Amino acid sequence: MIGSSMMYNKIIVDHFMNPRHAGRLEDANGVGIIGDPGCGDFMCIFIKVENWQVKNVSFLCKGCPAAIASGSATAELAHGEPLEKVMALTPEDVSNYLGGLPDEKLHCSNLGVDALRYAIADFLGILPKEDAGDAEASAEE
Ligand code: FES
């Protein structure tokens, strides 16, 4: 494990070791990516929205254990929920769900929420064209 395992509580370690909703969602109708899949850490969130509800969600992530746990927690918090509620999720919600991320890892919880917001914007068709292009190209990799 990267860094000291003492800095992570049991919930974080569980989500890192057994991430929920990991992988690609083939029938997604919204995809959001933060970071650079080509050369650095990234988070990609896939959502399948039906009747304004997030029916399914998944994530791909390259990053530290806190980032992977945050992707898992973000997906859990979004799964099955109304889009309006999912749009209001914050990094604090993700950290709280995980029982509290260490201060120096709080920024990692931003990755999941930011990628989720891009995925929602993609679904709504309001993602800026250059970002939409990046998302499509990266999702093909
Ligand atoms: Fe960079 Fe967590 S993803 S420190």
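**Core, strands and a helix pair**

The largest nonpolar core has 41 residues, and those with the most contacts inside it are Cys 44, Ile 45, Phe 46, Ile 47, Ala 115, Leu 116 and Ala 119. Such a core is a set of buried Ala, Val, Leu, Ile, Met, Phe, Trp, Tyr and Cys residues joined through C-beta atoms within 7 Å, where buried stands for 20 or more other C-beta atoms within 10 Å of a residue's own, with C-beta atoms placed from the backbone. Among the elements giving two or more residues to this core are helix H1 (10–17), S1, S2, strand S3 (53–62) and helix H2 (65–78). This is a predicted model, in which local features need pLDDT of at least 70 and side-chain atom pairs count only at pLDDT 80 or more, while totals for chains, interfaces and linings use all residues. Residues are numbered from 1 along each chain as its sequence is written.

**Strands**
- Strand S1 (residues 30–35) pairs with strand S2 (residues 42–50) in the antiparallel sense over six bridges, pairing requiring at least two bridges found by DSSP, and Ile 34 has Met 43 in S2 as its bridge partner.
- S2 also pairs with S3 in the antiparallel sense, over nine bridges, and Glu 50 stands opposite Gln 53 in S3.
- The hairpin of S1 and S2 has six residues between the strands, whereas that of S2 and S3 has two, with Asn 51 taking a positive phi near 50°.

**Helices**
- Helices (H or I, at least four residues) and strands (E, at least two) are DSSP runs numbered from the N terminus.
- H1 and H2 pack at an angle of about 85°, with their axes 8 Å apart, which makes H1 roughly perpendicular to H2 (65 to 115 degrees).

Note on methods. Buried ≥ 20, exposed ≤ 12 C-beta atoms within 10 Å, placed from the backbone. Axes fitted to C-alpha atoms, helices over the stretch in contact; angles between N-to-C directions. Parallel < 35°, antiparallel > 145°, perpendicular 65-115°, else oblique.
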